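The exercises below are meant to be worked through with the sequence and the 3D structure at hand. Each task is followed by a solution that goes step by step.

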Amino acid sequence: MATFLYKLGRTAFRRRRLVALLWVALLAVAGIGAATAPTATSSSFSIPGTEAQRAFDLLEERFPGAGADGATARVVFKAPQGQKMTDPAHKAVVEETVAALKSGSDQIVQVTDPYTAHAVSQDGSTAYVSVSYKVNAMELTDETREALKDTGHNAQGKGLTVEIGGDALQTMPEQGASEAIGIVLAGIVLVVTFGSLVAAGLPLLTAIIGVGIGVSSITALANVLDLGTTTSTLASMIGLAVGIDYALFIVSRYRAELAEGREKEDAAGRAVGTAGSAVVFAGLTVVIALVGLAVVNIPMLTKMGFAAAGTVVIAVLIALTLIPALLGFAGDKVVSRKQRKGIAKPSDKPNGGTRWARFVIRRPLMVLIVGVLGLGAIAVPAASLEMGLPDDGVKPTSTSERRAYDALSDGFGPGFNGPLLVVVDGDKATADRTVSTIKGLDGWAAVTPPTPNKAGDAAMITVIPKDRPSSTATEGLVHDIRDATGDDVLVTGATAMNIDFSQKMNDALVPYLALVVGLAFVLLTLVFRSVLVPLKAALGFLLSVVAALGAVVAVFQWGWLGGLFGVEQTGPIMSMMPIFMVGVVFGLAMDYEVFLVTRMREAYVHGERPGEAIVTGFRHSARVVTAAAVIMIAVFSGFIGMDDQMVKMIGFGLAAAVLFDAFVVRMAIVPAVLALLGRKAWWLPKWLDRILPNVDVEGEGLAKSPGDQGAAKPDLVKV
């Protein structure tokens with residue numbers, strides 16, 4: 001592989017104008033496709049195999065046109081202090097609003113009158129209008145949303161407090177500011193690392209091009225492939241982070257090869273042949289982790305994984321081709337001004353990485369114990385993990401959705417924010433028995449009479465829980481209803497769907513973990529030609545992920561330091577968080593493992609003792625791996641400032657995981673374990689050694705390449 005990539009790097013360097021033109025053309029085509037593609041109107045969410053999904057399917061069959069899985073909205077009215085919503089003037093405003101809502105959009109299925117639907121609180125201070133739509137939230141047109149907002153605004157100006165909640169107002173989170181923050185911080189880190197604006201600018205430029213192509217392609221295909229609103233957010237988050245990192249490693253190795261006295265073209269080839277090999281395998285681990293999300297069997301998550309994986313593939317291809325091409329344009333400016341005069345005089349002075357590696361080698365057991373116990377302590381809150389999907393109750397109080405949620409809770413009880421929909425596959429007698437059975441259970445606040453369909457062979461029952469939608473008590477009520485009723489009674493609704501979603505994610509976690517870790521173990525065994533090194537990498541990753549989950553629980557579920565991260569309301573952790581973190585963080589964690597340990601492996605196969613190889617690996621890679629980790633943390637942290645609770649939680653969780661994995665696991669635990677193992681770390685059974693193909697990540701095949709003639713005393717290890 002190293003020889004092939006070496007040739008690819010040299011070709012890209014020589015044909016730099018053609019390579020750059022091809023990537024710019026690809027970006028332009030993707031941009032035009034995104035600009036001319038029809039607006040994505042569909043983002044269906046389904047969970048095959050769950051009771052909630054079967055109930056939705058039954059509703060579509062027996063109640064055609066009812067929009068069972070369509071968007072909903074609630075317009076909540078609150079009377080001034082000392083007044084009631086039953087006062088004639090206020091009642092007239094509500095009735096005007098109901099009429100305006102009915103005529104405001106042809107996507108509306110039903111608008112309920114609170115005075116006939118018993119939707120006025122007992123003290124008369126609060127009333128709400130329920131609005132049901134034919135389509136889901138992402139299929140609503142902008143005109144429909146604006147009509148909903150305008151109707152609420154008009155009523156607001158007539159003496160009442162009016163707030164609007166529900167998923168009908170759900171829109172795609174704004175990403176620009178978050179990405180800009182991450183890019184600025186990454187730029188600062190790169191300038192400090194390289195001491196050259198040109199060298200710092202190359203990873204940023206190529207990462208932005210890669211993300212631009214990836215996100216534009218997603219936008220262009222969103223309508224055709226039914227991609228969700230968070231798909232492009234995930235793709236940009238992952239693509240920006242790995243794009244900068246992969247380019248960072250290629251540029252860093254190129255500078256090191258120049259310091260050996262090599263000609264620029266040969267240096268570019270060698271950078272791609274060595275660091276590029278690590279980029280390929282690191283990218284493969286990320287792709288495996290993202291594509292592996294398909295085992296969960298949730299279409300939305302599968303599409304997110306494939307889209308993000310595609311962006312990672314683009315980042316790898318750009319690192320292998322566009323980076324050497326741009327290095328050809330950059331010339332000597334890729335190194336700092338001080339280094340240009342003495343570019344062939346590398347310094348053997350110990351750097352921070354060397355000193356840290358020597359410290360770990362002297363005290364490996366102590367470093368190992370401190371690292372494991374420290375992460376173990378942070379991981380403790382993970383034992384109290386409660387999972388669900390965030391509702392309007394976790395949104396900032398500045399939003400109308402949160403104020404509507406609070407007003408409903410105050411006026412009617414928290415359960416009104418998450419009603420359960422019970423679907424009966426049977427006649428009126430079966431539906432009546434179901435109502436009686438539900439009323440014999442605990443945890444409900446109200447149960448409506450059955451609403452039969454025209455054929456009389458199905459009915460709908462609405463159950464209002466006593467507690468809020470995301471509480472364990474409400475989850476218990478859903479399970480109690482399912483256990484107490486027969487197979488012809490199904491529980492659905494947003495709350496039940498969230499519960500089923502969480503359960504499906506839990507059930508898929510172990511198979512997914514086994515698949516991803518198993519495939520990556522095979523891949524890393526191929527790269528390192530060792531059994532213990534990949535095993536250590538996988539165990540270290542699990543430790544960092546559990547620690548990151550512990551931090552997420554402490555902040556978002558327990559509320560520790562919640563104010564610092566903009567968490568106004570604690571609640572359960574997003575149900576996809578554990579499996580999502582396993583998928584994304586595993587791929588990113590293996591980046592550091594590959595980049596750091598391949599340098600050690602490279603030194604070891606060139607004759608250095610195990611301890612010396614560790615020091616050599618850190619001397620060359622620690623600074624760059626540290627910069628890469630800081631950049632990833634900066635990119636992910638930029639998403640913590642977003643209002644969307646799901647994106648905020650993902651950004652925090654990924655930033656914490658990278659922090660733990662890069663600076664505790666890879667920088668401390670990994671060298672400590674390797675120092676304790678010595679030569680045993682690189683042990684591989686002879687029979688396995690014969691079976692495994694030699695992918696030559698260390699670049700041994702380049703030792704006799706013609707490019708060596710351009711360097712005095714070539715040495716792939718020392719810089």
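**Exercise 1.** Which residues make a nonpolar surface patch of about 450 Å²?

Solution. Keep in mind that this is a predicted model. The patch is made by Ile-181, Val-184, Leu-185, Ile-188 and Val-192. To place one of these on the fold, look for Ile-188, which is found in helix H6, residues 176–194.

**Exercise 2.** Determine which residues of helix H16 are buried, and where they lie around its axis.

Solution. Begin with the length: helix H16 has 13 residues, 472–484, and at 1.5 Å a residue it should span 18 Å, which agrees with the 18 Å between its end C-alpha atoms. Next, taking buried to mean under 20% relative accessible area, one finds Thr-474, Leu-477, Val-478, Ile-481 and Arg-482. These residues cover an arc of only 130° around the axis, and therefore they lie on the same side of H16. On the other side of H16, Thr-472 and Asp-483 are exposed.

**Exercise 3.** Examine strand E6 (residues 420–424): how many of its residues are buried, and which strands pair with E6?

Solution. Five of the five residues of E6 are buried. In a regular strand, side chains alternate between the two faces of the sheet. Accordingly, examine each face of E6 in turn: Leu-420, Val-422 and Val-424 are buried on one side, and Leu-421 and Val-423 are buried on the other. Then turn to the neighbours: E6 pairs with strand E9 (residues 459–465) in the antiparallel sense over five bridges, with Leu-420 standing opposite Val-463. E6 also pairs with strand E10 (residues 489–492), again in the antiparallel sense, over four bridges, and there the bridge partner of Leu-421 is Thr-492.

Terms used: Residues numbered from 1 in each chain as written. Predicted model: local features only at pLDDT ≥ 70, side-chain atom pairs only at ≥ 80, totals over all residues. Heavy atoms only, no water. Helix = DSSP H or I, 4+ residues; strand = E, 2+ residues; numbered from the N terminus. Expected span 1.5 Å × (residues − 1). Buried < 20%, exposed > 50% of the residue type's maximum accessible area, 1.4 Å probe, protein only. Arc of directions from axis to C-beta. Patch = residues over 30% accessible without salt bridge, like charges linked within 9 Å, V, L, I, M, F, W, Y side chains within 5 Å. Areas by Shrake-Rupley, 256 points an atom, 1.4 Å probe, with all protein chains shown as cover. Salt bridge = Lys/Arg side-chain N within 4 Å of Asp/Glu carboxyl O. Pairing = 2+ DSSP bridges.
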